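User: I am new to this structure and would like to go through it step by step. Could we begin with a single residue and then widen the view?

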Amino acid sequence: MRITQMLVRSGLTVAAAAALPLTLTATEAVAVNTVINVTTSGTTVQVTTTDCATRSNGSMGNASLLSSGQANFAQGRQVTLSGTSTSQAAAWSNVTTGTYTVIVVCADGTTAGTQSVTVSPVSSPTISATATATPTASASPSRGVMGGMGGGTKDYGTATYAAGGVLVAAGVGATVWVLRRRAKPHRL
C-alpha cells in the first residue's frame, strides 16, 4: 500500500515538474520566429531565409535593400529570391558604404523578416615601390575564441529547452523517489 502511494505521489510530482517548463514557454511557442540571415562581403550584401518555401507564379518572393532615407519595401533595390524549398537567397552587388535595412517578403505576401546591416568601406593595401613590407601588430579579437565541440555557439529553440527541462525534472524526481525509498526500514 505504501509503495503504491509513493509511486502515485512521485508520478504526480514528475508530471507536474514536466508540465511546468512547457507551461512557462507556451507563450513563446505560439509566436512565430521568422528569421533572415544577412551577410556582407566587401560591397556585396546577401540575405538567406528558409521561410519562403512555397512558389507563386514561379517566384518564391522578393527581397528589398533600403537605404537610410527609404521607408517602405517598394523604395528599395528589389531582387527576386532564388533557391529551393529548404533555402532561399538574394544578393545585391556594388553596395556603397552605409547602413541598410533588408526586408524579405514571400510570394504569399508574408514578411519573412527585417534586419539592418552595415556595409563598411573596402580597404585595399597600398605598397609603394620604395617601401619594404614590415609586420605590424593588429588588435586582438574583442570577443575571443568561440570554442566548443561544434555546437557551442548554436542557439537552440524553445522546444529543445523544454525537453531538457522535462528530462532534468524526471531525473530529479526519480532520485528523490529512490532516496526516500532507501531511507525507510524494510519490513518483512
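User: Which backbone nitrogen does the side chain of Thr49 reach?

Analyst: This is a predicted model. In it, the side chain of Thr49 comes to 3.2 Å from the backbone nitrogen of Asp51.

User: Where does Thr49 sit, and is it buried or exposed?

Analyst: Thr49 belongs to strand β2. Its relative accessibility is 4%, so Thr49 counts as buried, the cut-off being under 20%.

User: What is Thr49 in contact with, leaving aside its neighbours within four places in sequence?

Analyst: Thr49 is in contact with Val35, Ile36, Ser87, Gln88, Val104 and Ala112, when neighbours within four places in sequence are left aside.

User: And Thr44, where is that found?

Analyst: Thr44 is also a residue of strand β2. With 31% relative accessibility, Thr44 is classed as partly exposed.

User: What does Thr44 touch?

Analyst: Setting aside neighbours within four places in sequence, Thr44 has contacts with Thr39, Trp92 and Ser93.

User: How many bridges join β1 to β2, and are the strands parallel or antiparallel?

Analyst: Strand β1, residues 36–41, is joined to β2 by 6 bridges, and the two strands run antiparallel. Within this pairing, Thr39 stands opposite Gln46 of β2.

User: What lies between β1 and β2?

Analyst: The two strands form a hairpin with 2 residues between them. Gly42, in the turn, has a positive phi of about 65°.

User: Changing topic: how many disulfides are there?

Analyst: The count comes to 1 disulfide. The bond joins Cys52 to Cys106, with an S to S distance of 1.9 Å.

User: Is that disulfide left-handed or right-handed, and why?

Analyst: The torsion about the S-S bond of Cys52 and Cys106 is about -75°, so the disulfide is left-handed.

User: Which parts does the pair tie together?

Analyst: Cys52 lies in the loop between β2 (44–49) and β3 (61–66), while Cys106 lies in strand β7 (residues 98–106). The pair therefore ties together parts that are 54 residues apart in sequence.

User: Are these cysteines buried or exposed?

Analyst: Cys52 is buried, at 1% relative accessibility. Cys106 is buried too, with a relative accessible area of 7%.

User: What about Ile103, in which strand is it?

Analyst: Ile103 is placed in strand β7. The relative accessible area of Ile103 is 16%, and this residue is buried.

User: Which residues does Ile103 touch?

Analyst: Not counting residues up to four places away in sequence, Ile103 touches Asn62, Ala63, Ser64, Leu66, Phe73, Thr111, Gly113 and Thr114. Ile103 and Asn62 are 41 residues apart in sequence, and their C-alpha atoms are 8.5 Å apart in space.

User: What share of the residues is buried?

Analyst: Of the 188 residues in the protein chain, 20% are buried. The accessible surface of the chain comes to about 13,500 Å², and carbon and sulfur atoms account for 58% of that surface.

User: And what share of contacts joins residues at least 24 apart?

Analyst: Among contacts between residues at least 6 apart in sequence, 56% join residues at least 24 apart.

Notes:
Residues are numbered from 1 along each chain as its sequence is written. This is a predicted model: local features need pLDDT of at least 70, side-chain atom pairs count only at pLDDT 80 or more; totals for chains, interfaces and linings use all residues. Side-chain values use heavy atoms; hydrogens and water are left out. A disulfide is a pair of cysteine sulfur atoms within 2.5 Å. Helices (H or I, at least four residues) and strands (E, at least two) are DSSP runs, numbered from the N terminus. Buried means under 20% relative accessible area, exposed over 50%, partly exposed in between (1.4 Å probe, protein chains only). A polar contact is a pair of N or O atoms within 3.5 Å; within protein, one must be able to donate a hydrogen and the other to accept it, and residues adjacent in sequence count only if both atoms are side-chain atoms. Contact means heavy atoms within 4.5 Å. Two strands pair if DSSP finds at least two bridges between them. Accessible areas come from the Shrake-Rupley method with a 1.4 Å probe; for residues, only the protein chains shown count as cover.
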